[in-house]
Amino acid sequence: MKLSIIIVNYKGYDDLNPCLTALIQNAPKTAHEIIVVDNDSQQPEKEKEFLKKWGSHVMYLKASRNLGFGEREAREAVREASRILREEPSHYRQEFDGGW
């Protein structure tokens with residue numbers, strides 16, 4: 001069994017750096033993956049910088065619309081991320097410098 005750590009991002013690329021640094025430095029001892037779901041931030045330059053730095057450490061999914069952040073919407077984001085990974089991985093994964 002693999003632990004999936006899912007982080008929903010909306011215009012918070014600057015906050016992701018310390019978050020991911022802490023997660024990687026204090027990684028769970030069990031098998032795990034880190035998934036970042038961008039909630040349609042529409043910040044292409046920050047997204048490009050983020051992927052250059054973290055692309056080999058995280059799985060990155062880009063939502064086609066803003067899914068919101070409430071409980072119901074967060075569940076939808078997780079459901080969508082799971083569906084994307086199963087059904088359409090090549091459409092959503094971004095690879096930079098060897099990818100992930």
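**Pocket lining**

I sorted the residues lining the largest pocket by type and got seven nonpolar, three polar and two charged. (Ala, Val, Leu, Ile, Met, Phe, Trp, Tyr, Cys and Pro count as nonpolar, Asp, Glu, Lys and Arg as charged, and the others, Gly among them, as polar.) A reminder to myself: this is a predicted model, where local features need pLDDT of at least 70 and side-chain atom pairs pLDDT 80 or more, while totals for chains, interfaces and linings use all residues. Residues are numbered from 1 along each chain, and side-chain values use heavy atoms, without hydrogens and water.

Next I looked up the space in this pocket, which is about 150 Å³. (On a 1 Å grid, a pocket is an open set of points where a 1.4 Å probe fits, with protein on both sides within 12 Å along at least five of seven lines; lining residues have an atom within 4 Å of a point.) Twelve residues line the pocket, and H32, E33, I34, H57 and V58 are the closest to its centre. Two or more lining residues each come from α1 (13-25) and β2 (32-38). (Helices are DSSP runs of H or I, at least four residues; strands are E, at least two.) The largest share, three residues, is from β2.

**Helix α1**

Then I turned to α1 and checked which residues are buried (under 20% relative accessible area, 1.4 Å probe): Y13, L16 and L20. Seen down the axis of α1, they fall within an arc of 30° (directions from the axis to the C-beta atoms), so they line one face of the helix. On the other side, D14, D15, P18 and Q25 are exposed, meaning over 50%.

Key:
Points joined across faces, edges and corners; volume = space filled by probe spheres on them.
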